[in-house]
Every structure is written in C-alpha cells, then in structure tokens.
Amino acid sequence: MFTADDHLYMARALRLAARGLYTTDPNPRVGCVLVRDGQVVGEGWHERAGDAHAEINALRQSGERAAGATAYVTLEPCCHHGRTPPCSQALIAAGVSRVVAAMPDPNPQVAGNGLAELQAAGVTTDAGLLATEAQALNPGFVMRMRHGRPWVRCKLAMSLDGRTAMQNGESRWITAEAARCDVHHLRARSSAIMTGIGTVLADDPSLTVRLDGEADVPLLHPLRVILDSRLRIPPTAKLLDLPGETLILTGSTDVGREALLVRPGVSVDTLPLNASGQLDLQGVLHYLGGAGINEVHVEAGAVLCGALLADRLVDELVIYMAPHLMGDAARGLFALPGLQHMTQRIALSINDVRAVGKDLRITARLAD
C-alpha cells in the first residue's frame, strides 16, 4: 500500500513534528511535507499553540506548487474551526491530490471527519503510515483525547541498590550532571510537573526548566502542580515565587490558609478527598485533563510514586541509576505496603536502557 518514498517523506514529516516538542502544548506536535513529481515543494510543522498548523506552514512555502502534490502529515488534518481555520479546507483549496496521514486524529471533533471531507472533495487519502512513531510524539494528547486524562511519566533517580535518599533524607546528588540535564529536557516537553507536599516540605524544590545555553530549547516552564490534601505548604515555599505558574490541589477549605498562598501565578483548587483523607489520584488526573494538560512529569517521593503505581496510573517510568551503593537503611523507590507475596509483584516492560553520562537511564512501562 505504501511505497518506499511514502516512508521516506513521512519520516521527514515526523522529524519536523519533533521540532515542536517543547512549544505546541496543549496542541499535538505535527509535521507536514508536500511532494510533487518526486520533489519536496513545501514543508512545515506546528510551532506554537495559536499559530498556523503544520499543513498551513507547508502550503505557504509551496505556493502554487501544491497543486497536484501529495501531503504527508503526521496527524489527520483538522476539519473544525479552533484558533485557526480547518486544514482540510486549505488542502482542498490548494489543489492537493493526495493526503497521507500517519494516524487519525483522536480528537472527537475530528476523528476521521478530516479525511472524509478530503475524500468527498476528490482527494485520495491514506492513513496508518508510521502510526506508532506518530503516536509516540504525542502520548499525552492521545491519552487526553481518548481517556480524559494526561499521560503520566514518573521520573526517579536511584543508586545501584535501588535507593533514592539516605536514611536522614539527604539525596543531592544521586546522579551526575548529564543525567540531571536530561531530566530538564523531560520537564521541558511536559505540560505539568507534579509533586507531593512531602517533597515540597523536605526539599523545597524549584520544579523549573533549566537549560541555559541551549538555544533550540525555549525556556518555558510547565505548570507546577502540588498535591497537598491538607494545605500544609508554607507561604515561603520557593516555587511559589519562581517564573511560571503553580497550581495547588487540596481538599482543605481553609480560606485563611489559602489567602496566604494565592498570589500572581499561584492558584489553589479544592478537590474531593478519598476515604483515606487523601486526594483521589484518578480525580486529580481527570481534573488536569479537563484543563488541557497533556503530559504530567512526576518528581515525587516514594509515597506519591507508589500510590500512582499501585493505582496503575503511571504510563511511563524513567529511572536514572547511578553507579554507587547507599545501603539498606536508605530510602527506597516506591511505598507499596500492600505487596506481600511474589504473586502480587507489579510487572514492568523495559523499553529502553542507555547510558547518560556516568549513569544509566531505564525507560519502562507497566506490563499489560
């Protein structure tokens, strides 16, 4: 069905889409390549939410040469009016003869209707070329559109013997500089960085993106989300006064305490607590999904990470392993008190292992 050239041009479109890795949120990362008579006549990618979509940028570059061309696009062209007009209509007006989409758009406002509109106008359409690669570029957007919640990536750093902090809580630094820089790239691609109140009280973290000197990475700070069921965060917490926005999710209705925290860039929202007096994590994620959050990057302690894992709400684990030992009295990765027998083990599927400087980075997912 698809030729070698089809694969070549779609691969190029995917590389273009990846250039929007840090900037398109909450929109998906999309690339487009226009080809006529074996020559690329235009290409583009979605650069920033609110700006032109990938197809429009490619059409602007191609001009009249788009007539009779094939458009390779990493996501089905939109057919609805959002911040920008429908791309399907622009492709039809330009006289494109064929559209190859890597995957259908999971957005219910599109969901096959973009391809159907093109077909009705006489444009040949194909879909499914390098779909796995296209979905990997937008795991959060796909998850939010299909299930109403963000993609959850849990980042942890540990010693070779699986420890995250010394018995007294000391944890700086487990990994070397290269691994810490790698983490900032994960932060930069995320919609939100989430942690629990325990981490805030223990470490007073910044939860910002720090990639100074990397001109290709815009220093946009994702939303900081603090889970604080009893509103214990001190008004002096560092992250409350740093660039970017902070959202504190709580079950407390103490308006006096809330008034001490709210300031420009800081908001407090109240959500229901579960029977244990803690925020319901499923409810938290659906709340964030409703706010347009695609990817949540979790940097937290063993309690929150363990609770997310136990509820099967972790879509990806990124674990940095440093080549040293911290001893059996040091703290572990996850608090999972319910596991007592081998049959209760949580199975993981390791997708990638690679060296990052002196450390190893292990990427895994929950096994089906």
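1. Helix 3 and helix 4 pass each other in a right-handed crossing, where right-handed means that the near helix is turned clockwise from the far one by less than a right angle, and left-handed that it is turned anticlockwise. Helices here are DSSP runs of H or I with at least four residues, and strands are E runs of at least two, both numbered from the N terminus. This is a predicted model, in which local features need pLDDT of at least 70 and side-chain atom pairs count only at pLDDT 80 or more, while totals for chains, interfaces and linings use all residues. Residues are numbered from 1 along each chain as its sequence is written, and side-chain values use heavy atoms, with hydrogens and water left out.

2. The axes of helix 3 and helix 4 (residues 113–120) come within 9 Å and cross at roughly 20°; axes are lines fitted to C-alpha atoms, for helices over the stretch in contact, with angles from 0 to 180 degrees between N-to-C directions. The two helices, helix 3 and helix 4, are therefore roughly parallel, a term for angles under 35 degrees. Ser88, Gln89, Leu91 and Ile92 of helix 3 meet Gly114, Glu117 and Leu118 of helix 4, contact being heavy atoms within 4.5 Å.

3. For helix 2 (residues 54–62) and helix 3 (residues 87–94), the axes come within 9 Å and cross at roughly 25°, which makes helix 2 roughly parallel to helix 3. The crossing of helix 2 with helix 3 is left-handed. Glu55, Ile56 and Leu59 of helix 2 make the contact with Cys87, Ala90, Leu91 and Ala94 of helix 3.

4. The count of cavities of 30 Å³ or more comes to one, a cavity being a set of points, on a 1 Å grid over the protein atoms alone, where a 1.4 Å probe fits but cannot get out. The largest cavity has a volume of about 40 Å³, volume being the space filled by probe spheres set on the points, which are joined across faces, edges and corners. Its lining consists of Thr24, Asp25, Asn27, Arg29, Asn138, Gly140, Phe141, Asn294 and Glu295, lining residues having an atom within 4 Å of a point.

5. The second largest pocket has a volume of about 830 Å³, a pocket being an open set with protein on both sides within 12 Å along at least five of seven lines. Of its 31 lining residues, Ala136, Pro139, Trp151, Glu316 and Arg365 lie nearest the centre, and helix 6 gives the largest share of the lining, five residues.

Note on methods:
Parallel < 35°, antiparallel > 145°, perpendicular 65-115°, else oblique.
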